[in-house]
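Dear colleague,

Please open it first, and then read the notes below alongside it.

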Amino acid sequence: MSKSDNSQTGIFALFTVKNEWPILGLSIPHALLNYAEKVIVIDTGSTDATLAGLEFLERLWPGRIIVYKYSPSKFDQASLLNILLVIAEELGSNWNVILDADEFLYCPDFEKFKMALPLQEVDVLGYALKVNNFAVSEKFNEFEASTYSSVTAKVTGKNAASFPMALAIPAISSRKALPHTLSTPDKLILRTGVSAFASQGNHQLVFGDGRNWEKWDPRIKSSANLGLEIFHLP
């Protein structure tokens with residue numbers, strides 16, 4: 001299998017988006033070229049170039065990008081996430097990488113990663129991912145692709161990391177690495193067929209039945225041995 005031929009990996013990338021162009025034009029091709037068999041997107045009412053951009057990407061990768069349009073009266077990220085997981089299961093996914101439009105799954109050896117996931121223990125629901133948050137200059141314009149070259153510094157987090165925003169903002173401004181404390185998983189790769197209800201907001205995950213939540217599920221393991229990271233651009 002070549003690097004660009006990921007049509008049979010069983011790994012899907014799932015996005016919930018709104019007004020995410022042009023960064024979505026980078027993150028979807030990155031997923032398809034490196035690890036994802038399919039990308040499933042729910043658009044929640046974009047008014048920018050996102051929908052036109054998605055149509056263009058669908059023509060480039062026919063059958064590998066599935067787009068749903070939904071204009072909610074009330075945005076419910078948890079419900080949309082679980083709809084994506086159900087759709088992915090029906091379409092034949094084995095593992096699901098849950099991402100925002102400005103996030104990229106990085107692994108130094110994608111072929112090893114794709115081979116390793118199907119062999120993991122059956123009691124593992126998923127893997128928490130290390131997140132690298134990149135900082136930019138004040139002149140950064142998210143709608144101009146050329147300004148992404150100004151992304152020069154990053155703030156690193158670890159699996160299950162959290163940090164108070166009141167302290168994070170000055171640290172980011174001074175380009176210092178942030179300390180971290182144990183909390184809930186930031187981002188994850190989730191096995192298909194998990195019976196628990198997943199909710200992911202503010203880059204964190206909880207499991208439960210929709211009313212009673214567990215902030216840390218021991219069946220979510222560290223991804224350190226897989227060498228995985230999330231790069232979160234501004």
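Which residues point one way from β10, and which the other way? In this model, which is predicted, Lys187, Ile189 and Arg191 point one way from the strand, while Leu188 and Leu190 point the other way, and all of them are buried. Strand β10, which spans residues 187-191, is accordingly mostly covered, with five of its five residues buried. Its partner β4 (residues 95-99) runs antiparallel to β10 and is joined to it by three bridges, and in this pairing Trp95 stands opposite Arg191.

Turning to the whole chain, you will find five helices and 15 strands, and buried residues make up 48% of its 234 residues. Among contacts between residues at least 6 apart in sequence, 74% join residues at least 24 apart.

In soluble globular proteins, nonpolar side chains tend to be buried together. Here the largest nonpolar core has 37 residues, of which Phe15, Ile28, Tyr35, Val39 and Phe113 touch the most other members. Among the elements that give two or more residues to this core are β1 (11-17), α1 (24-34), β2 (38-43) and also β4.

With best wishes

Notes:
Residues are numbered from 1 along each chain as its sequence is written. This is a predicted model: local features need pLDDT of at least 70, side-chain atom pairs count only at pLDDT 80 or more; totals for chains, interfaces and linings use all residues. Side-chain values use heavy atoms; hydrogens and water are left out. Buried means under 20% relative accessible area, exposed over 50%, partly exposed in between (1.4 Å probe, protein chains only). Helices (H or I, at least four residues) and strands (E, at least two) are DSSP runs, numbered from the N terminus. Two strands pair if DSSP finds at least two bridges between them. Contact means heavy atoms within 4.5 Å. A nonpolar core is a set of buried Ala, Val, Leu, Ile, Met, Phe, Trp, Tyr and Cys residues joined through side-chain atoms within 4.5 Å.
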